[in-house]
Amino acid sequence: MNPQPALATRRSFLRGAGVALCLPWLESLGGIVHAAEAGKEPRRLLLVCLPLGIYRESFVPKQSGAGYELSEYLTPLADLRDRFTIVSGLEHLGVSGGHSAQPRIFTGVPSTERNRRSLDQHVAASLGQHTRFDSLALSAGANDFGWTDGGSMVPAEKSVVDAFAKLFAEEGAANKTKVLREIGRGKSILDHVLEEARDLQARISKRDQEKLGEYFESVRATEKRLVKSEEWINQPKPKVDSQPPAPFAPDEIITNLRGVCDVTYLAFKTDSTRVITFGYFRQDAVAVPGVNVGYHNLSHHGQDEGNITQLKRIERVFFDELKTLLTNLKQTREGDSTLLDRTTIVVTSNLGSGNSHSNKDLPMLLAGGRFRHGQHLAIAPGSAPLSNLYVSVLHQLGFEDKSFGTSTGTLKGIELT
């Protein structure tokens with residue numbers, strides 16, 4: 001089907017009543033509904049940090065190579081085994097200080113030097129030229145990972161609701177408030193663009209009609225989740241005789257993470273941005289079944305089995321939600337590929353061990369993109385800096401950089417398809 005001139009614009013929207021809804025990739029629009037120039041494949045980057053570490057025994061496989069047995073945390077990702085790689089043994093040269101290393105996880109700048117441009121901002125300077133937002137810094141509890149050349153931290157959107165409004169409501173605080181208020185009353189942003197959407201559906205292929213329908217369902221599902229979250233935040237919790245963890249909204253760590261993952265998916269699907277960062281963190285109490293000790297305290301488990309059991313319940317939530325995000329990306333077609341094929345995901349931590357505050361042997365899950373996945377790449381500790389992996393990521397994204405941070409080259413063992 002040949003694209004109609006009125007539709008095949010470099011950036012297409014559905015508009016109405018203060019809403020600008022970016023469209024997903026539609027073949028009827030000649031494949032250039034995205035901000036990408038015709039003939040170029042959009043490539044994306046998602047960086048995720050768990051600042052309190054990842055319990056190694058439940059994450060890193062005991063065997064190396066392609067025939068490794070899935071660890072406890074990786075079991076939910078079994079169906080995606082060929083789309084991710086586990087790397088162990090990496091660290092940032094000259095970066096130490098336990099928790100204070102957190103802002104340097106994506107910069108690789110030694111602790112004795114002023115922090116400077118992080119991987120996400122380096123990539124966004126190029127990939128962000130053609131999208132509405134150069135990058136998005138979201139927060140599932142933490143985000144001090146993005147840094148400019150001059151050493152200034154990139155501020156994060158701490159509210160998922162505000163991030164959603166940033167993506168779909170036109171600029172202006174009053175208008176964003178109006179749109180969010182209407183969503184809270186059960187009105188969808190889709191209602192604002194319904195007439196234009198109907199007109200568009202009549203002019204695109206059947207396959208694109210189905211894709212547009214799926215996209216609308218994703219937007220509406222995210223709205224409903226956000227509304228439910230807001231409603232529960234404003235509802236008092238039941239009183240009990242015992243002393244429970246403090247009943248305030250920030251402890252809803254699962255709801256927060258799920259909302260950030262939803263917004264991440266929608267932002268990539270609409271090509272609103274190609275670079276996103278977020279962290280999974282909560283200092284104190286978390287509303288996770290079976291957990292009654294603060295997340296930070298549990299990360300310093302002292303090898304106590306009870307603490308480890310609770311810690312694993314918190315961290316397992318992350319991998320369950322990661323599975324959903326990766327699955328959504330894999331199931332979403334974009335041109336002749338999928339969003340997962342065009343999105344590189346890096347999941348790591350600034351702590352190799354939360355219990356000992358070690359910044360050595362950092363956990364690493366690399367997913368998506370055009371890498372040859374399906375292995376546990378076990379690097380001899382101290383033999384290669386984490387920044388080498390970042391150079392490999394840059395090359396996969398189309399950059400020609402020969403170095404980043406304290407790198408000594410690309411990471412051997414990480415190959416492209």
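1. Let us start with the second largest pocket, which is lined by 18 residues, with Glu214, Ser218, Tyr265, Lys269 and Thr332 nearest its centre. Here a pocket is an open set of points on a 1 Å grid over the protein atoms alone, where a 1.4 Å probe fits and protein lies on both sides within 12 Å along at least five of seven lines; lining residues have an atom within 4 Å of a point. Its volume is about 410 Å³, a volume being the space filled by probe spheres set on the points, with grid points joined across faces, edges and corners.

2. A word on the source: this is a predicted model, in which local features need pLDDT of at least 70 and side-chain atom pairs count only at pLDDT 80 or more, while totals for chains, interfaces and linings use all residues. Residues are numbered from 1 along each chain as its sequence is written, and side-chain values use heavy atoms, with hydrogens and water left out.

3. Which helices line that pocket? At least two lining residues come from each of α7 (206–233), α8 (253–269) and α10 (305–331), and α7 gives the largest share, nine residues. By type, the lining has three nonpolar, six polar and nine charged residues. In this sorting, Ala, Val, Leu, Ile, Met, Phe, Trp, Tyr, Cys and Pro are nonpolar, Asp, Glu, Lys and Arg are charged, and the others, Gly among them, are polar.

4. Stepping back to the whole chain, you will find 11 helices and 12 strands; these are DSSP runs numbered from the N terminus, helices being H or I of at least four residues and strands E of at least two. Of the 417 residues, 56% are buried, where buried means under 20% relative accessible area, exposed over 50%, and partly exposed in between (1.4 Å probe, protein chains only). Among contacts (heavy atoms within 4.5 Å) with a separation of 6 or more, 70% join residues 24 or more positions apart.

5. The largest nonpolar core has 72 residues, and Phe59, Phe84, Phe278, Tyr280, Phe318 and Leu365 have the most contacts inside it. Such a core is a set of buried Ala, Val, Leu, Ile, Met, Phe, Trp, Tyr and Cys residues joined through side-chain atoms within 4.5 Å. Beyond its neighbours within four places in sequence, Tyr280 contacts Cys49, Leu50, Pro51, Ala140, Ile253, Leu257, Tyr295, Ile314, Val317 and Phe318. There is also a second, separate core of 32 residues, including Phe106, Val275, Leu394 and Ile414. In soluble globular proteins, nonpolar side chains tend to be buried together.

6. Thr277 is worth a look in strand β7 (residues 275–280). Why does Thr277 count as buried? Because its relative accessibility is 1%. Setting aside residues up to four places away in sequence, Thr277 touches Leu47, Asp120, Leu136, Ala137, Leu138 and Asn143. Thr277 and Val48 are 229 residues apart in sequence, yet their C-alpha atoms are 5.8 Å apart in space.

7. Helix α2 (residues 119–127) is mostly covered, with seven of its nine residues buried: Leu119, Asp120, Gln121, His122, Val123, Ala124 and Leu127. These buried residues pack against β3 (44–49), β7 and α11 (386–396). In the segment after α11 sits Thr406, which is buried at a relative accessible area of 17% and is in contact with Leu93, Gly108, Pro110, Pro385 and Ser387, leaving aside neighbours within four places in sequence.

8. Next, please check the loop between β10 (343–348) and β11 (362–368), where His357 is found. His357 has a positive phi of about 65 degrees although it is not a glycine, and at 35% relative accessibility His357 is partly exposed. Asp361 belongs to the loop between β10 and β11 too; Asp361 has a positive phi of about 45 degrees, again without being a glycine, and counts as partly exposed at 21%.

9. Finally, here are two arginines in loops. Arg342 and Arg44 are 298 residues apart in sequence and 6.0 Å apart in space, C-alpha to C-alpha. Arg114, in the loop between β4 (84–90) and α2, counts as exposed at 60% relative accessibility. Beyond residues up to four places away in sequence, Arg114 touches Arg104, Val109, Gly150 and Gly151.
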